[in-house]
Amino acid sequence: MHKRTLLQGAASAALLAAAAPVFAQAQPFKIGLILPMTGQQATTGRQIEAAARLWMQQNGDTVAGRKVQLIVKDDTSLPDTTRRLAQELVVNDKVDVLAGFGITPSAMATAPIATQSKTPLVVMAAATSSITQASPFVVRTSFTLPQAAVAMADWAPKNGIKTAVTLVTDYAPGIDAEKFFRDRFLFNGGKVVESLRVPLRNPDFAPFLQKVRDLKPDALYVFVPSGAGAAVMKQFGERGMDKAGIRLIGTGDVTDDDQLNDMGDVALGVVTSHHYSAAHPSPANKKFVAEFQKANKGLRPNFMAIGGYDGMRVIYEALKKTGGKGGGEALVNAMKGQIFESPRGPVFIDAQTRDIVQNIYLRKVEKKDGQLWNVEFDVIKDVKDPGKAR
Ligand code: PHB
């Protein structure tokens with residue numbers, strides 16, 4: 001009798017022990033996706049949310065036995081709001097991962113919360129080099145401005161561009177673009193005759209472009225954040241700067257695939273350097289673009305979408321590697337060193353820096369079948385963020 005009770009006790013204890021992790025894993029795995037869904041950066045939010053949902057549609061919403069739940073919040077690209085939303089997501093919703101981050105100030109404002117709560121913070125958009133140094137819990141799947149800027153500073157002097165004016169949006173990623181383009185361009189024998197900076201909020205490019213026209217450099221080198229490119233292009237055309245022989249070059253943010261097709265012929269021939277083009281001719285990208293467009297009424301994915309799509313892959317893979325257990329430190333460790341074929345090409349999450357290593361492509365805007373595309377014509381392989389070398 002006594003023996004039986006003992007045995008029964010042991011059996012139910014074993015059952016309980018076995019049931020505990022099952023119970024823990026029955027909890028959904030929550031991803032708090034904070035994005036600008038309204039306001040000036042709204043296209044970034046729309047692209048990243050669509051890409052994250054496409055990833056889940058293609059790969060299911062269960063990973064290693066855990067149901068994955070996406071909680072989308074609109075920070076309207078105000079960093080104080082981003083931080084407040086992150087705090088609420090961590091404390092109230094108990095999210096396992098924070099992700100998104102449309103602009104650098106939003107990522108920077110939230111990094112301390114990631115550190116304090118040991119929550120992985122997956123940067124899918126923001127691109128200032130130093131973001132990954134703001135917390136050991138930051139992992140980036142977008143790009144860095146120095147990656148893109150250096151490639152163009154190497155290409156331009158070899159292609160008839162000896163003088164340039166830089167025009168950047170006046171905040172951290174713009175300063176990165178300006179600095180890394182200028183230093184490398186000078187090193188290669190080029191000359192930057194003027195460095196102009198326009199405000200992030202409600203920029204008016206007209207007076208700056210007039211100044212560039214008067215200075216008449218071989219090229220105008222531009223960085224503006226995703227969403228602002230069409231306005232630059234329009235004013236560049238209206239001032240007849242292309243006709244005056246000034247070439248427009250820059251990071252691929254200015255010929256953003258979200259807007260490119262509506263920019264008109266003034267965009268034709270514009271050369272940029274970037275990590276993603278919707279025209280990237282790989283089977284993986286063709287599939288990605290077709291399925292993204294199918295799920296989003298024909299919307300063409302841009303480089304923000306690819307940051308969101310690959311960010312979801314990195315999170316899924318990490319959750320898988322922890323056997324569904326998760327945990328902030330375990331997840332970040334499982335994100336480090338991931339290597340995979342993205343629709344953009346081969347990528348690698350550097351285990352030391354938690355930043356992305358990827359190809360940077362030189363692209364020229366061309367018309368194909370009546371549509372404008374960033375057509376890649378050269379590649380610099382496996383580019384590490386040059387901002388980390390200093
Ligand atoms: C940024 O704020 O880091 C940022 C935003 C949009 C871009 C690039 C960088 O296109």
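Student: Which residue in β11 is the bridge partner of Ile-249?

Tutor: In this predicted model, the bridge partner of Ile-249 is Val-271.

Student: What makes β10 and β11 a pair of strands?

Tutor: Pairing requires at least two bridges between the strands. Strand β10 (residues 247-251) and β11 are joined by 3 bridges, therefore they count as paired, and they run parallel.

Student: How do you know that β11 also pairs with β14, and in which sense do the two run?

Tutor: Between β11 and β14 there are 4 bridges, and the requirement is at least two, so these strands pair as well. They run antiparallel. Within this pairing, Thr-272 stands opposite Arg-363 in β14.

Student: Why is strand β11 described as covered on both faces?

Tutor: In β11 (residues 271-274), Val-271 and Ser-273 lie on one side, Thr-272 and His-274 lie on the other, and all are buried. A residue is called buried when its relative accessible area is under 20%.

Student: Why is Ile-360 called buried?

Tutor: The relative accessible area of Ile-360 is 0%. The cut-off is under 20%, so Ile-360 is buried. This residue belongs to strand β14 (residues 356-368).

Student: Which residues are in contact with Ile-360, leaving aside its neighbours within four places in sequence?

Tutor: Among them are Ser-273, His-274 and His-275, together with Ala-148, Ala-151 and Val-379.

Student: What is the strand order of the open sheet of 6 strands?

Tutor: The order is β2-β3-β1-β4-β5-β6, with mixed pairing.

Student: Why do β2 and β6 count as standing at the edges?

Tutor: Strands β2 (62-63) and β6 (138-140) each have a single partner strand, so one side of each is left without a neighbour in the sheet.

Student: How do you know that β1 and β4 pair?

Tutor: Strand β1 (residues 29-35) and strand β4 (residues 97-100) share 4 bridges in the parallel sense. At least two are required, so the strands pair. Here Ile-31 stands opposite Val-97 in β4.

Terms used
Residues are numbered from 1 along each chain as its sequence is written. This is a predicted model: local features need pLDDT of at least 70, side-chain atom pairs count only at pLDDT 80 or more; totals for chains, interfaces and linings use all residues. Side-chain values use heavy atoms; hydrogens and water are left out. Buried means under 20% relative accessible area, exposed over 50%, partly exposed in between (1.4 Å probe, protein chains only). Contact means heavy atoms within 4.5 Å.
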